[in-house]
Amino acid sequence: MAISLSQAIDGFVLECGARRLSEHTISSYVSALGKFSTWLPDDPALASIEPETLKRFLVETRGPGGSKLSKKTILNYHICLSALWTWAVAE
């Protein structure tokens, strides 16, 4: 059975809480993953998301008013997405 992106995000966030990550870290992860899931046209199976899709998201992501996000914010998004996939593979 394929797990959807939204199911993976829910499980990942639950794991972050169980690991007692800081509220700030969890909030940052929820925000970044929410932006990614909203950016996608639907709720795809996690395994169907290609590396090119992740790269395109990081390139195309815009901040409020259409401005580009800082390099640090993009790096944070990358770290968050990487953490999600690392968790999913381990699960």
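User: In this predicted model, what do the buried residues of H2 pack against?

Analyst: In this predicted model, the buried residues of H2 pack against H1, H3 and H4. The residues of H2 that are buried are Ile26, Tyr29, Ala32, Leu33 and Phe36, and each of them has a relative accessible area under 20%, because that is what buried means here.

User: How do you know that the buried residues of H2 line one face of the helix?

Analyst: When the helix is viewed down its axis, the buried residues of H2 fall within an arc of 135°, and therefore they line one face. The face turned away from this buried side carries the exposed residues Glu23, His24 and Thr38.

User: Why is the pair of Phe36 and Phe57 called edge-to-face?

Analyst: Two rings pair if their centres lie within 6.5 Å, and planes over 60 degrees apart count as edge-to-face. The ring centres of Phe36 and Phe57 are 5.0 Å apart and their planes stand at 70°, so the pair is edge-to-face. Phe36 belongs to helix H2 (residues 23-39) and Phe57 to helix H3 (residues 51-60), 21 residues apart, and the pair thus links distant parts of the chain. Both Phe36 and Phe57 are buried.

User: What makes the pair of Phe57 and Tyr77 stacked?

Analyst: Planes under 30 degrees apart count as stacked; for Phe57 and Tyr77 the angle between the planes is 20°, with 5.9 Å from centre to centre, and the pair is stacked. Because Phe57 lies in helix H3 and Tyr77 in helix H4 (residues 71-90), this pair ties together parts that are 20 residues apart in sequence. Phe57 and Tyr77 are both buried.

User: Which residues form one aromatic cluster?

Analyst: The cluster is formed by Phe36, Trp39, Phe57, Tyr77 and Trp85, while a search of the whole structure finds seven aromatic pairs.

User: Which residues of the largest nonpolar core touch the most other members?

Analyst: Of the 21 residues in this core, those touching the most other members are Leu5, Phe12, Leu33, Phe36, Ile49, Leu81 and Leu84. Helix H1 (5-18), H2, H3 and H4 each supply at least two residues of the core. Leaving aside neighbours within four places in sequence, the residues in contact with Leu5 include Phe36, Ile49 and Leu84.

How values were computed
Residues numbered from 1 in each chain as written. Predicted model: local features only at pLDDT ≥ 70, side-chain atom pairs only at ≥ 80, totals over all residues. Heavy atoms only, no water. Phe/Tyr/Trp six-rings, centres within 6.5 Å; stacked < 30°, edge-to-face > 60°. Helix = DSSP H or I, 4+ residues; strand = E, 2+ residues; numbered from the N terminus. Buried < 20%, exposed > 50% of the residue type's maximum accessible area, 1.4 Å probe, protein only. Core = buried A, V, L, I, M, F, W, Y, C linked by side-chain atoms within 4.5 Å. Contact = heavy atoms within 4.5 Å. Arc of directions from axis to C-beta.
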